[in-house]
Amino acid sequence: MGDDIFPRSVAHRALEALSDTPVVVVNGPRQAGKTTLVRSLPYPGTSLVVTLDDSAARAAAGYDPRAFIERSVDTLVIDEAQLEPGLFRAIKASVDQDRRPGRFLLTGSSRLLAAPDMADALVGRVETLDLWPFAERELVDADGPAFIDVVFDQPAALLHRSAVTRADLTDRLLRGGFPEAARRRPPRRRAWFDGYVRTTTERVIRELADLERLAETPRLLQLCAARTATELNTSAIAGELGIPARTVSSYLAHLTTAFLVRLIPAWSTNLSAKVVRRPKLVVADVGLAAHLQGVTGASLARFGTTRGPLVETLVATELLRQLSWSETVATIWHFRDRSGIEVDLVLEYPDGRVVGVEVKATSTPRGAHFKGLRFLAERLGDRFAFGCLLTSAPEATPFGPKMAALPISTLWEVGD
Ligand SMILES: Nc1ncnc2c1ncn2[C@@H]1O[C@H](COP(=O)(O)OP(=O)(O)OP(=O)(O)O)[C@@H](O)[C@H]1O
Ligand SMILES: [Mg+2]
């Protein structure tokens, strides 16, 4: 990736929201591309972008929020809006006077924008969109539908041969989706990620709470990376950090709020009486996870190095990112029961249909890898839409009527 600006898939969602909703919020992790997006959207009318990163603007917004937002433009874009919470009441008052759609577009980098203050003030007047770092799908120059839009209705279209090599996949694991990480070669990328971790843990988390143990936050994030794509075990993390489990839970909530980690809930289903209820923890970006794990291209190439959790992190974040802008609305879960049956990721469509996704960092898919998916297929009957085993084999191979082993790259290559 050079210096070009890549189109963002969430842009059309933002424009749609602006066409019928007075206030739109674009929220997401630091450095995901929020400012770039809101500065380059093709607004239908006149627009003005102000940023509260600018101390003069922030002072003005705090001094007289009402006056600050009265500008003679169709859309006023306020970047880093969370820095002046007083704006939300002013925006509410203004929107109640004039409910035209698309009046305000706010960006921020923490769930503060979804916090009670703002949610209360703007309820019924606001739509919130998340901007994550690039999905692999966004970095491929393709117009067709994304994996998530195909897998429920035309899974047969997913069967193809991939040109992605093991080395390509390793590159993707190490880079993740942050534009600046994608732009840099490994040694410089490391410096960038180091700075990213330092600033986000210090600044974002300080914005969220006065954490007396702020010093432990980077270490907590590191432990999360060591455990990415595994079930959350709060007491084990608490043991390693030497702090109470309760404290770990509240810090994890802050890391989630800052978009640094995500929890994928356990699927609550009556298919098995012994379902495990712990969520699965995933670092929000695979490049960040790989950086925090301290892995390199050389160490990942070494025989016997476990790349499974990083590969699953790539898959989970790709699906979550595609769901943040796709036509398809689905929820994402993981499934395991105490007898050892598990499916890494379960996608559930609003009509109840289910797609199971297993991830194996192997190049030789076998029938035994489909155990969990077969369990789902048998129990769900017609609700079971498709089961895929994502592996690093380049060939797609059907394994029975509604199941196939697919190359991992199917997630972003399909529909080209
Ligand atoms: N669509 C894009 N294509 C290419 N590069 C991009 C794109 N969006 C952002 N970038 C690059 O990524 C970096 C971060 O972008 P930007 O400042 O827009 O992110 P942000 O989410 O506003 O970050 P922050 O939360 O720190 O304000 C910049 O160097 C920018 O040039
Ligand atoms: Mg910004």
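Is Phe 259 buried or exposed? At 1% relative accessibility, Phe 259 counts as buried. Keep in mind that this is a predicted model. Phe 259 is found in the loop between helix H14, residues 245-257, and strand S7, residues 261-264. Its phi is near 60°, which is a positive value in a residue other than glycine.

There is another residue of that kind to show you. Gln 31 is not a glycine, yet it has a positive phi of about 70°. Gln 31 lies in the loop between strand S1, residues 23-27, and helix H2. With a relative accessible area of 42%, Gln 31 is partly exposed.

Now the overall layout. The protein is divided into domain 1, residues 10-130, and domain 2, residues 136-413. The C-alpha centres of the two domains lie 31 Å apart. Where they meet, 18 residues of domain 1 are in contact with 18 residues of domain 2.

Next, the interior. In soluble globular proteins, nonpolar side chains tend to be buried together. Here, the largest nonpolar core has 89 residues. Those with the most contacts inside this core are Leu 105, Leu 220, Val 315, Leu 319, Leu 347 and Val 357. Helix H17, residues 308-323, gives the largest share, eight residues. Domain 1 and domain 2 both give residues to this core, so it lies between them. Apart from this core lies another, of 21 residues, among them Ala 57, Ala 81, Phe 104 and Leu 122.

Leaving aside its neighbours within four places in sequence, Leu 347 is in contact with residues including Ile 148, Phe 152, Leu 319, Leu 323 and Val 357. Val 354 is also one of its contacts.

That brings us to Val 354, found in strand S11, residues 354-359. Val 354 is buried, with a relative accessible area of 0%. Not counting residues up to four places away in sequence, Val 354 touches Phe 152, Trp 267 and Leu 376, among others. Val 354 and Leu 376 are 22 residues apart along the chain, and their C-alpha atoms are separated by 8.8 Å.

Which category does Glu 138 fall into, buried or exposed? Its relative accessibility is 8%, under the 20% limit, so Glu 138 counts as buried. A polar atom of the Glu 138 side chain lies 2.8 Å from the backbone nitrogen of Ser 9. Not counting residues up to four places away in sequence, Glu 138 touches Phe 6, Pro 7, Arg 8, Ser 9, Pro 133 and Trp 325.

Phe 6 comes up again at the ligand. Of the 17 residues around ligand 1, Phe 6, Lys 34, Thr 35, Thr 36 and Glu 180 come nearest. A backbone N or O atom of Gly 33 lies 3.0 Å from an oxygen atom of ligand 1. For Thr 35, a polar side-chain atom lies 2.7 Å from an oxygen atom of the ligand. For Arg 183, a polar side-chain atom lies 3.1 Å from a nitrogen atom of the ligand. Taken alone, ligand 1 exposes 630 Å², and the protein buries 85% of that. Which elements give two or more residues to the shell around ligand 1? They are helix H2, residues 34-40, and helix H10, residues 179-183.

How values were computed: Residues numbered from 1 in each chain as written. Chains lettered and ligands numbered in written order. Predicted model: local features only at pLDDT ≥ 70, side-chain atom pairs only at ≥ 80, totals over all residues. Heavy atoms only, no water. Core = buried A, V, L, I, M, F, W, Y, C linked by side-chain atoms within 4.5 Å. Buried < 20%, exposed > 50% of the residue type's maximum accessible area, 1.4 Å probe, protein only. Helix = DSSP H or I, 4+ residues; strand = E, 2+ residues; numbered from the N terminus. Domains from an automatic or database assignment. Contact = heavy atoms within 4.5 Å. Near = heavy atom within 4 Å. Polar contact = N/O pair within 3.5 Å; in protein donor to acceptor, adjacent residues only side chain to side chain. Areas by Shrake-Rupley, 256 points an atom, 1.4 Å probe, with all protein chains shown as cover.
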